Amino acid sequence: MGILSGNPNDEPLHYGEVFGIWTNLATNNGLIAAYQTFFNHTGDQDLQKLIEEFIYSMKDENKQLEKILKVNGVGLPPAPPERPEARLEDIPPGARFYDPEISASLSMNVAAGLVACSKAMGMSIREDIGLMYGQFHLNKAQLGAKLLRLNKSKGWLVPPPLHVDFPDK
């Protein structure tokens, strides 16, 4: 039996897996703080619910990521403190993020998260790590689909130029 056979949990992580997990955790920590701030700036109830789903999803991911790092003796990245709740009315209009801006930021982060999960799946040699990132990918894709529907329904989606003229054959 080799070192990479048997129970995946008993196999060592390679440096790419460690870096990917650590970076994922650090990124989630920063995004959770940002999304808590976005929540305070959001006036749209549907967007608020979706932001809460994003935060919950990242906190759930973090539990899994922290456990893996701790079991493997890797220090955790720093996390900013939880953001306090604020009333939208107390934020001056010129200092606010607006709902379409928040939604666009969430959309960009979902796209980047999908790519990061795909990369982590592709470089993982431990099956459990690859499967974990597959689950993260699926969750992000589902949140992204909800966000796309919200963007379309609210008129916040700014599409690229649409190809509507087809050349004659």
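Lys 59 and Glu 82 form a salt bridge, with the closest N and O atoms 3.5 Å apart; a salt bridge is counted where a side-chain nitrogen of Lys or Arg lies within 4 Å of a carboxyl oxygen of Asp or Glu. The pair links distant parts of the chain, Lys 59 being in helix α2 and Glu 82 in the loop between α2 and α3, 23 residues apart. Helices here are DSSP runs (H or I, at least four residues), numbered from the N terminus. Lys 59 is partly exposed at 32% relative accessibility, whereas Glu 82 is exposed at 53%. These classes follow from relative accessible area (buried under 20%, exposed over 50%, partly exposed in between; 1.4 Å probe, protein chains only).

The structure is a predicted model, in which local features need pLDDT of at least 70 and side-chain atom pairs count only at pLDDT 80 or more, while totals for chains, interfaces and linings use all residues. Residues are numbered from 1 along each chain as its sequence is written, and side-chain values use heavy atoms, with hydrogens and water left out.

Side chains of opposite charge can pair when their charged atoms come close. Over the whole structure, eight salt bridges are found. One of them joins Lys 154 to Asp 46, with an N to O distance of 3.1 Å. Because Lys 154 belongs to helix α4 and Asp 46 to helix α2, this pair ties together parts that are 108 residues apart in sequence. Both residues are partly exposed, Lys 154 at 30% relative accessibility and Asp 46 with a relative accessible area of 38%. A network of salt bridges links Asp 44, Asp 46 and Lys 154. A further salt bridge, at 3.3 Å from N to O, is made by the side chains of Asp 90 and Arg 87. Asp 90 is exposed at 53%, and Arg 87 is exposed at 51%.

A pocket is defined on a 1 Å grid over the protein atoms alone, as an open set of points where a 1.4 Å probe fits, with protein on both sides within 12 Å along at least five of seven lines; lining residues have an atom within 4 Å of a point. The volume of this second pocket is about 200 Å³. Its lining divides into three nonpolar, two polar and five charged residues.

A polar atom of the Asn 40 side chain lies 3.1 Å from the backbone nitrogen of Ala 86. Beyond residues up to four places away in sequence, Asn 40 touches Pro 84, Glu 85, Ala 86, Leu 88 and Ile 91, contact meaning heavy atoms within 4.5 Å.

The largest pocket holds about 470 Å³ of space. Of its 24 lining residues, Asn 24, Ala 112, Gly 113, Ala 116 and Cys 117 are the closest to the centre. Helices α1 (15-41), α2 (45-71), α3 (99-123) and α4 (127-154) each supply at least two lining residues, and the largest share, nine residues, comes from α3. The lining comprises 13 nonpolar, eight polar and three charged residues.

Conventions
Grid points are joined across faces, edges and corners, and a volume is the space filled by probe spheres set on the points. Ala, Val, Leu, Ile, Met, Phe, Trp, Tyr, Cys and Pro count as nonpolar, Asp, Glu, Lys and Arg as charged, and the others, Gly among them, as polar. A polar contact is a pair of N or O atoms within 3.5 Å; within protein, one must be able to donate a hydrogen and the other to accept it, and residues adjacent in sequence count only if both atoms are side-chain atoms.
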